[in-house]
Amino acid sequence: MTLVIGLTGGIATGKSTVTKMMKRLGVPVIDADQIARQVVEPGRSAYQAVIKQFGEDILLENGQINRPKLGSIVFADKEKREQLNQIVHPAVRQEMLQLRDQYIERGVKSVVLDIPLLFESKLTNMVDKVIVVYVPKQLQLKRLINRDQFTEPEALQRIDAQLPIIEKAKQADAVIDNRYTKENTFLQLKYILQQWQAI
């Protein structure tokens, strides 16, 4: 029996760090963000739908979607964000489920679905257990400003577009507190996976 683990958190809470650690422990990871980038590549049906919805102004010279430009549009307007999600999410979900089922068929011990909007998109039915990577909102804000050179309002706009991290933590089967050292985070992760017999 393969244990399907949902990994989520908030923007800049350190989910990517935990994903790398999962891979180091030999757990396969299916990354929703990576798939979301692939489904809007030129030639894919979601790509056409995004251009139809948002116009050709969002394209780079090489025909790729200008992600920062599209991001600034959708994070400033909830309705536009919904429109984008309605195009991208079904395509991502379909691809993730196919990959998940391939791993289950191979009989791996566990597989991780790394989904930033796991709760917001009501996708908990795709997984058996949920791990939330947590840091307090103030630290999240500080890390996001440092990482992406956002102004405080821009960073808050992105944080507030997601369910508050404290709410996510309440709904999780396990929480990794990512305020401390990487070693500490790794030990928390390893302990959870051993408890669940996932490694």
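**Group meeting: buried charges, salt bridges and cores**

Let me begin with Lys 122, which counts as exposed because its relative accessibility is 67%, where exposed means over 50% relative accessible area, buried under 20% and partly exposed in between, with a 1.4 Å probe and protein chains only. The model is predicted, so local features need pLDDT of at least 70 and side-chain atom pairs count only at pLDDT 80 or more, whereas totals for chains, interfaces and linings use all residues. Residues are numbered from 1 along each chain as its sequence is written, and side-chain values use heavy atoms, leaving out hydrogens and water.

Lys 122 sits in the loop between β3 (110–114) and β4 (129–134), where helices (H or I, at least four residues) and strands (E, at least two) are DSSP runs numbered from the N terminus. Its phi is near 55°, a positive value in a residue other than glycine. Most residues other than glycine have a negative phi. Gln 197, in the segment after α9 (182–195), also has a positive phi, of about 55°.

Now to the charges. A search of the whole structure finds nine salt bridges, each being a side-chain nitrogen of Lys or Arg within 4 Å of a carboxyl oxygen of Asp or Glu. In one of them, Asp 114 pairs with Lys 15, with the closest N and O atoms 2.6 Å apart. Asp 114 belongs to strand β3 and Lys 15 to helix α1 (residues 15–24), so this pair ties together parts that are 99 residues apart in sequence. Both Asp 114 and Lys 15 are buried.

What about Arg 81, is it buried or exposed? Arg 81, in helix α5 (residues 78–106), is buried yet has no salt bridge, and the nearest side chain of opposite charge, Glu 82, is 5.7 Å away; here Lys and Arg count as positive and Asp and Glu as negative, while His and the chain ends are not counted. A polar atom of the Arg 81 side chain does lie 3.4 Å from the backbone oxygen of Val 74.

Finally, the largest nonpolar core has 36 residues, and those touching the most other members include Val 50, Val 88 and Val 92; such a core is a set of buried Ala, Val, Leu, Ile, Met, Phe, Trp, Tyr and Cys residues joined through side-chain atoms within 4.5 Å. Among the elements that each supply at least two residues of this core are α5, β3 and β4. Apart from it lies another core, of 19 residues, including Leu 7 and Ile 192.

Notes
Polar contact = N/O pair within 3.5 Å; in protein donor to acceptor, adjacent residues only side chain to side chain.
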